[in-house]
Amino acid sequence: MTAAAPARAADLEAGRRKSEPCKACHGADGNASIPGTPSIAGQPVFFTHWQLIKYRDGRRKDPQMSPMAANLSDTDMADLAAFYASQRPTPRPATTEPAKVAAGRELAQQHHCVSCHRPGLVGHEQIPRLAGQDLTYLIKLLRGFKAQTAGDLDGTMTTAAQPLSESDIESLAHYMATLPPAPAP
Amino acid sequence: MFRTPVMLLAVAVVLVLALGPLGEAQQPAQAPPPWKQGQPSSMADSSLAPIAQPPAPKAPGEIPVDKIKVPAGFKVSLWAHSINNARVMTWGEKGTLFVSSRTAGNVYAVVDNGSTRDVKVIAKGLNLPNGIAFRNGTLYIAEVHRITKMVGIEDKLDNPPAMEAVYETLPKDLPHGWKYLAFGPDGKLYFNIGAPCNICIPPDTHANLSRVNPDGTGFEYVAHGVRNSVGFDWHPVTKNLYFTTHARDWLGDDMPSDRFDIAAKKGQHFGFPYCHQGDTLDPEFGKGKSCSDYEKPILKTGPHVAGNGVQFYTGSMFPAEYKNRVFLAQRGSWNRSQKIGFRVMMVTLDAKGGIAKYEPFAEGWLQGDQVWGRPVYTQQMKDGSLLIADDYAGAIYRVAFQR
């Protein structure tokens, strides 16, 4: 429990060096290939930084990520977030079912996903890109929000996930996984 | 009905949110995210959205204190920095300044060494712990769903004591679920239970000001029809409770105004969701209602200004006329095409308790359309100077008067 280090402008190259331990799961450029592990390339700076804070403080829990984030300083987080935001996201290979993709497109409309995640679900600021994300990860995370175990920043996603059925979750994930993962502006 | 246990109806909120605003048959069945809820179809293309909270505080060199304008004779300095998402400030008895946060989930202790300040994190990972209050060596912390306490905290800042339960049966709803917390003149802990929506018929348990004894007994509602009040204080002489309220969004740039109210007695209704700003019925929920049935604000503070902190000035550093004036910290608008707020306003009350003057005290966090900071709460120092917390820059400023 010590004083936070004064913030300073994020250092992209420092972020690249500090991302060394992250490579094994998230890939050298933040594009992961392990099913269930998200790609973080091109995610907005605020988003990645907030997630790391939540892992460090125990508000978001994961057997792999919690220990990785436990000893990161605020500066480390800013550098890592800047590095990954600068990387270009590539599509994740996924076997999606056209019927689920179509149903997911409808559900995304009904559930107002674009209100926060923006058209194309590309994300901005503290809100993540969902387009082209890993299918297994999307399903896992939506189930977590529904179960109220995936800590979100302000409760918006927990609230939004409550009306979703298991088949809704699958359809939404299939739809999101097929969208082109354009980098967040 | 006022005695209904708070916890029983928490579940109902999810249902209310899921149903969303009625009456537009073409709308999809699911409720939009809370901040977007109530947006009319005519505004569907609006790009307005809440301002994102930065994940880290600004470095001191990135904080342009000289842009903060105050009246002649006053001077602003950067008092503390690197306090992520700094919100409510409250003093310990031994000179520690406790500082809360909201999305950062932390509670801080700031130890003043004269020319420098140490910032310690005394609790982290909490559920939007905005409300903090201190009495008899104990720090009380209000999260969304519970009030807890840390006994003897000021002697154990480096090894904080466990958080003990005070009152743990509050609703879990996150929209407007964060709380302001303060001791009233009656020794009770006062806090808000906000409406779990932008606009809806809230459950009977929500949209109020409430109080509980510091031992967790005697819960009761104080005021109803209060959409979300996250700032209040008591008049130093009359002991009346004054509070700010954030008004609903998506009724346009200039409607409705946020409010500054007085709760002169228990059980009054302040209009939400039926009547806004004391004189305007809600286009949907106001049907068949009359504004004359509800309390009117003593001051319309402006549309979307987001009034948070309320503080009566009781110090002796500022000129004599400042005594018993009220500082209102306005965090600033998002639901308006031209930004407004981002300032600390000052209210002068007349002899009858009415509004004599409403004027800026500190402003400059908004430059053109660019926001570099958001003043959210104030706290008086022992010497009579005024601290202002900025949750966007993660900083605390000190305003002093120099003759």
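Analyst: Keep in mind that this is a predicted model. We begin with contacts that skip over sequence neighbours. Setting aside residues within four places in sequence, B:Leu48 is in contact with B:Trp334 and B:Asn335.

User: How many residues apart along the chain are B:Leu48 and B:Asn335, and what separates their C-alpha atoms?

Analyst: They are 287 residues apart along the chain, and 5.8 Å separates the two C-alpha atoms. B:Leu48 belongs to the loop between α1 (10-19) and β1 (74-80) of chain B.

User: Is B:Leu48 buried, exposed or partly exposed?

Analyst: The test is a count of other C-beta atoms within 10 Å: 20 or more is buried, and 12 or fewer is exposed. B:Leu48 has 17, so it is partly exposed.

User: Which residues have the most contacts inside the largest nonpolar core?

Analyst: They are B:Ile388 and B:Ile396, in a core of 97 residues. Beyond its neighbours within four places in sequence, B:Ile388 is in contact with several residues, including B:Ala329, B:Val344, B:Tyr397 and B:Ile396. There is also a second, separate core of 23 residues, and among its members are A:Ile40, A:Leu80 and B:Ala56.

User: How do I describe two helices that pack together?

Analyst: Two packed helices are described by the angle between their axes and the distance between the axes. In chain A, helix α3 (residues 45-57) and helix α5 (residues 74-85) pack at about 140°, with axes 8 Å apart. Angles over 145 degrees count as roughly antiparallel and 65 to 115 as roughly perpendicular, so α3(A) is oblique to α5(A). Their crossing is right-handed.

User: Which residues of α3(A) and α5(A) meet?

Analyst: From α3(A), the residues are A:Val45, A:Thr48, A:His49, A:Leu52 and A:Ile53; those they meet in α5(A) include A:Met77, A:Leu80 and A:Tyr84. This contact of α3(A) with α5(A) has 10 nonpolar residues, 2 polar and no charged.

User: At what angle do helix α8 and helix α10 of chain A pack?

Analyst: Helix α8 (residues 135-146) and helix α10 (residues 166-178) of chain A pack at an angle of about 140°, and their axes are 9 Å apart. That makes α8(A) oblique to α10(A). The crossing of these two helices, α8(A) and α10(A), is right-handed. Among the residues making the contact are A:Leu138 and A:Arg143 of α8(A), and A:Glu170 and A:Leu172 of α10(A). By type, the residues in the contact of α8(A) with α10(A) are 9 nonpolar, 1 polar and 3 charged.

User: How many residues of chain A are in contact with chain B?

Analyst: 32 residues of chain A are in contact with 34 residues of chain B. On the chain A side, α3(A) gives the largest share, 5 residues. The residues of that side are 13 nonpolar, 13 polar and 6 charged.

User: Which peptide bonds are cis?

Analyst: The bond from B:Met255 to B:Pro256 is cis, with omega near -20°. B:Pro256 sits in the loop between β15 (241-245) and β16 (257-263) of chain B. The bond from B:Phe272 to B:Pro273 is also cis, with omega near 0°.

User: What is phi of B:His176 and of B:Ala207?

Analyst: B:His176 has a positive phi of about 55° although it is not a glycine. B:His176 is buried, with 23 other C-beta atoms within 10 Å. For B:Ala207, phi is near 60°, again positive in a residue other than glycine. B:Ala207 counts as buried, with 29 C-beta neighbours inside 10 Å.

Notes: Residues are numbered from 1 along each chain as its sequence is written. Chains are lettered from A and ligands numbered from 1 in the order in which they are written. This is a predicted model: local features need pLDDT of at least 70, side-chain atom pairs count only at pLDDT 80 or more; totals for chains, interfaces and linings use all residues. A nonpolar core is a set of buried Ala, Val, Leu, Ile, Met, Phe, Trp, Tyr and Cys residues joined through C-beta atoms within 7 Å. Two residues are in contact if their C-beta atoms, placed from the backbone, lie within 7 Å. Axes are lines fitted to C-alpha atoms, for helices over the stretch in contact, and angles run from 0 to 180 degrees between N-to-C directions. Helices (H or I, at least four residues) and strands (E, at least two) are DSSP runs, numbered from the N terminus. Angles under 35 degrees count as roughly parallel, over 145 as roughly antiparallel, 65 to 115 as roughly perpendicular and the rest as oblique. A crossing is left-handed if the near helix is turned anticlockwise from the far one by less than a right angle, and right-handed if clockwise. Ala, Val, Leu, Ile, Met, Phe, Trp, Tyr, Cys and Pro count as nonpolar, Asp, Glu, Lys and Arg as charged, and the others, Gly among them, as polar.
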